[in-house]
Amino acid sequence: MPIVLRLDRVMADRKISLNELSEKVGVANVNLSKMKNGHISAIRFSTLEAICDVLDCQPGDILEYVRKTDENA
């Protein structure tokens, strides 16, 4: 997948647990866990906004686009 999720890295930098983030964002722990592990195909802007608000970060801190090369195709 060309979009890489860096939620785990931002959470570690902010020293916040999955349970704490879940409580503050209002999203089920299991859904944040799937996001953290890259097992999602979409995210609502409202969820992304809430995560960025709690973690005091920008969407680009959590999401990264990695261009596919001919070698990776």
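**Exercise 1. Two helices in contact**

How closely do the axes of helix H2 (residues 18-25) and helix H4 (residues 45-55) come, and at what angle do they cross? State the hand of the crossing of H2 and H4 and describe the contact.

Solution. The model is a predicted one.

Step 1. The axes of H2 and H4 come within 9 Å, and the crossing angle is roughly 120°.

Step 2. The hand of this crossing of H2 and H4 is right-handed.

Step 3. On the H2 side the contact is made by Leu 21, Lys 24 and Val 25. H4 contributes Ala 50, Ile 51, Val 54 and Leu 55.

Step 4. Sorted by class, the contact of H2 with H4 has six nonpolar residues, one charged residue and no polar residues.

**Exercise 2. The overall layout**

Solution. 

Step 1. Of the 73 residues in the protein, 26% are buried.

Step 2. Take the contacts with a separation of 6 or more: 63% of them are between residues 24 or more positions apart.

**Exercise 3. The largest pocket**

Which residues line the largest pocket, and which helix gives the most to its lining?

Solution. 

Step 1. The space in the largest pocket is about 220 Å³.

Step 2. Its lining is formed by Val 27, Asn 31, Leu 32, Lys 34, Met 35, Ile 40, Ala 42, Ile 43, Arg 44 and Thr 47.

Step 3. Helix H3 (residues 29-36) gives the most to this lining, with four residues.

Step 4. By class the lining has six nonpolar, two polar and two charged residues.

**Exercise 4. Positive phi in two loops**

Where do Lys 15 and Asp 56 lie, and what is the phi of Lys 15 and of Asp 56?

Solution. 

Step 1. Most residues other than glycine have a negative phi.

Step 2. Lys 15 has a positive phi, near 55°. Its place is in the loop between helix H1 (7-14) and H2.

Step 3. The phi of Asp 56 is also positive, near 50°. Asp 56 belongs to the loop between H4 and helix H5 (59-62).

Step 4. Lys 15 is exposed because its relative accessible area, 73%, is over 50%. Asp 56 is exposed because its relative accessible area of 67% is over 50%.

**Exercise 5. Pro 2 and Phe 45**

Is Pro 2 buried, partly exposed or exposed, and which residues does it touch? Is Phe 45 buried or exposed?

Solution. 

Step 1. Pro 2 sits in the segment before strand S1 (3-5).

Step 2. Its relative accessibility is 28%, so Pro 2 counts as partly exposed.

Step 3. Not counting residues up to four places away in sequence, Pro 2 touches Glu 64, Tyr 65, Val 66 and Lys 68.

Step 4. The C-alpha atom of Pro 2 is 10 Å from that of Leu 63, and the two residues are 61 residues apart along the chain.

Step 5. Phe 45 is part of helix H4. With 72% relative accessibility, Phe 45 is exposed.

Step 6. Phe 45 and Met 35 are ten residues apart along the chain, and their C-alpha atoms are separated by 14 Å. Met 35 is one of the residues that line the largest pocket.

Terms used: Residues numbered from 1 in each chain as written. Predicted model: local features only at pLDDT ≥ 70, side-chain atom pairs only at ≥ 80, totals over all residues. Heavy atoms only, no water. 1 Å grid on protein atoms, 1.4 Å probe; cavity = no way out; pocket = protein on both sides within 12 Å on 5 of 7 lines; lining within 4 Å. Points joined across faces, edges and corners; volume = space filled by probe spheres on them. Nonpolar A, V, L, I, M, F, W, Y, C, P; charged D, E, K, R; others polar. Axes fitted to C-alpha atoms, helices over the stretch in contact; angles between N-to-C directions. Left-handed = near helix turned anticlockwise from the far one by under 90°. Contact = heavy atoms within 4.5 Å. Buried < 20%, exposed > 50% of the residue type's maximum accessible area, 1.4 Å probe, protein only.
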